[in-house]
Amino acid sequence: PLYSAAASDVYKRQGYGTSYLAQVAQQAIGIDHDRSVIEYCRRTYPTARFYCADAQCFKLTQPVDVIVSMETIEHLPSPERFLERVCAALRSDGIFLCSTPLTGVVPQSPHHVREYTAEEFQAMLQHYFAEVSLQFQTMRWDIDGQPYHSTDMFLLAVCRRPHRSVW
């Protein structure tokens, strides 16, 4: 099992990712900028800890092994600040899991500040991590009884060994 884990459910308003991590880690921490979301998550998922903070300036009291951020980075006006905070929060051998929609494949959301090509996403992450592995996510969902299946719509990055001297 993991020693510790942190999940960033920024803008997701659900907390289930953090709840899942709480099942496999000694501690799981969820971060969201909306206080009402944090209150909901605390009531719904009592095995995890939730804090109200902006993704671009959060601070953890102790470093963690893993940070998970699914479909968050495209919402942020300053993804560089977010990645700096992620690097500061991870142990030296920590892992950052991050996903984002692939630009030009998924219809762009008006809530997205920026979407990335695979090359742009990887180049940005390589500035902050010694190892970056990029994969495509397969998505399956059901809308109004119609099943949908798509590949290569979302990017999933597995990043290891954060650089400490990037800022």
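E131 is partly exposed, with a relative accessible area of 34%; here buried denotes under 20% relative accessible area, exposed over 50%, and partly exposed the range in between, for a 1.4 Å probe and protein chains only. The structure is a predicted model, in which local features require pLDDT of at least 70 and side-chain atom pairs count only at pLDDT 80 or more, whereas totals for chains, interfaces and linings use all residues. Residues are numbered from 1 along each chain as its sequence is written, and side-chain values use heavy atoms, with hydrogens and water left out.

The side chain of E131 meets that of R161 in a salt bridge, with an N to O distance of 2.7 Å. This pair links distant parts of the chain, R161 lying in strand 7 (residues 146-162) and E131 in strand 6 (residues 129-143), 30 residues apart. Strands (E, at least two residues) and helices (H or I, at least four) are DSSP runs numbered from the N terminus. R161 is also partly exposed, at a relative accessible area of 42%.

A salt bridge is defined as a side-chain nitrogen of Lys or Arg within 4 Å of a carboxyl oxygen of Asp or Glu, and by this rule the count comes to 3. Another of these is formed by R91 and D65, whose closest N and O atoms are 2.8 Å apart. R91 is partly exposed, with a relative accessible area of 24%, while D65 is buried at 16%. E120 and R114 also form a salt bridge, their closest N and O atoms being 3.3 Å apart. E120 is partly exposed, with a relative accessible area of 34%, as is R114, with 38%.

Strand 2 (residues 28-32) and strand 3 (residues 49-52) run parallel and are joined by 4 bridges; strands are taken to pair if DSSP finds at least two bridges between them. Within this pairing, G30 stands opposite F50 of strand 3. Together with helix 2 (residues 35-44), the two strands make a right-handed β-α-β unit, that is, with the strands pointing away from the viewer, the path from the first strand over the helix to the second runs clockwise.

Strand 2 also contains D32, which is buried at 2% relative accessibility. The side chains of D32 and H33 are joined by a polar contact of 3.2 Å. Such a contact is a pair of N or O atoms within 3.5 Å; within protein, one must be able to donate a hydrogen and the other to accept it, and residues adjacent in sequence count only if both atoms are side-chain atoms.
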